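Please look over the sequence and the model shown below before reading on.

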Amino acid sequence: MSKEEIFDKLSKALIDGDDLLAADLAKQALKQGISAIDILNKGCTPGMLKAGEMYASGLGGASLTDLLMSGESMQAVLGVIRPHLKAEKAEAAGKLVIGMVEGDLHTIGKSVVISMFESAGWAVTDLGEDVPLPKFIEGAKREKADIIGAASAITGCLDKLKTLKEMIDKEKLPVKYMIGGWATGPELAKSVGAYFARDALAAVQLASELMEEAE
Ligand code: B12
C-alpha cells in the first residue's frame, strides 16, 4: 500500500470507529517506515476532524456514540504509535504542568502532547481533564513548573483559559503560559496573553525555544 492509501484508510477507520483496523493500519505504517508524527498528522488528524464535522452536522446520521467510537479508535492508534513519537530538536528540557480546563473532558490531544514532551526529556505533570483552575496554580507551584499548558477542545470553556491567565498574573508565577486544543487559535491566544501551538510537535518546539530564551 502507498503512504497515501494507508493515510486514507486510517482516516476512514477512525471515522468508522473501527479500532482494530485503525491499530492494524498504524502498525503497517510503522513497518513501512512512516514516522509516528506523519501517521498522527496525515492519517489521524484528518479523520478525527471529519468525524467531528460529521457529528456537528449530523451527516450520515453521526451521533455521540460515533464520536465516542472514533475517540476509542484514536486511543487504539495512540497505543501503537506512542512509543515511536519522538520530538526532534528539543534540546532544553524543562517542567510542564498540563491539563484540560474545567468543563472539558477531551483527553486524546493532551495525551499526544504529553508523549511528545516526555520523549523530548521534559518532566510532565498531568493534571487530567475537567481541572479546576486553582489546581493549575497549585500544581505549578508544587512542581516548580517552567510552563503551564492548558487546553480546551470546546468553545464553551474558552473563558477559563483567560481566567487562568489572570490567576497566573495575580500570583506572579514565574511560568510561561501555553494554550492549545481544537477550540483555540492564535487570535484567542493573543487576546488571552498566552503562547499558542497548533499541535504537539509545534508545542514542544515552542517550549524548547522559550527555555532557551529564558537561559
Ligand atoms: C473524540 C471526540 C470526543 C470524545 C473524546 C474522547 C476522549 N477521551 O478524549 C467524546 C465522545 C467523549 C467527546 C465528547 C464531547 N464532544 Co467532542 N470531539 C471529539 C473529536 C471528534 C476528536 C478530538 C480528538 O481527540 N482529536 C485528535 C487529537 C489528536 O487532536 P486535538 O484534540 O486537536 O489535539 C491536538 C492539538 O489540538 C494540540 N493540543 C491538544 N491539547 C493541547 C494542549 C496544549 C497545552 C497545547 C499547546 C496543544 C494542545 O495538540 C494535539 C495533538 O497534535 C473532536 C473533533 C475535533 N475536530 O477535534 C470533537 C469536538 C471537540 N467535540 C465536540 C463536542 C461538541 C463534544 C460534546 C459537547 C458532545 C456532547 N453533546 O456531549 C462532548 C463534550 C464533553 C466535554 N464536556 O468535554 C465539538 C466541539 C465544538 C465546539 N464548538 O465547542 C468537536 C469540535 C466536534 C464538532 N465539530 O462538533 N468528544
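The centres of domain 1 and domain 2, taken over C-alpha atoms, are separated by 25 Å. The protein chain is divided into domain 1 (3–84) and domain 2 (95–214), with bounds that come from an automatic or database domain assignment. This is a predicted model, in which local features need pLDDT of at least 70 and side-chain atom pairs count only at pLDDT 80 or more, while totals for chains, interfaces and linings use all residues. Residues are numbered from 1 along each chain as its sequence is written, and side-chain values use heavy atoms, with hydrogens and water left out.

Domain 1 and domain 2 bury about 660 Å² between them, 70% of it on carbon and sulfur atoms; buried area here is the accessible area (1.4 Å probe) that two parts lose on being put together, summed over both. Of the area that domain 1 buries against domain 2, Ile-37, Leu-78 and Arg-82 supply 48%, more than any other three residues. Between the two domains the count of salt bridges is 0, a salt bridge being a side-chain nitrogen of Lys or Arg within 4 Å of a carboxyl oxygen of Asp or Glu. On the side of domain 1 that touches domain 2, the elements giving two or more residues are α3 (36–57) and α4 (64–81), where helices are DSSP runs (H or I, at least four residues) and strands are likewise DSSP runs (E, at least two), numbered from the N terminus.

**The cobalt site**

The cobalt atom of the ligand has a single donor from the protein, His-106 (NE2), at 2.3 Å. Donors are N, O and S atoms within 2.8 Å of the metal (3.2 Å for Na, K and Ca), and water is not among the atoms, so sites may look incomplete. His-106 itself lies in the loop between β1 (95–101) and α5 (108–119).

A search of the whole structure finds 6 salt bridges. Not counting residues up to four places away in sequence, Asp-38 touches Phe-7 and Gly-43, where contact means heavy atoms within 4.5 Å. Asp-38 and Leu-206 are 168 residues apart in sequence and 19 Å apart in space, C-alpha to C-alpha.
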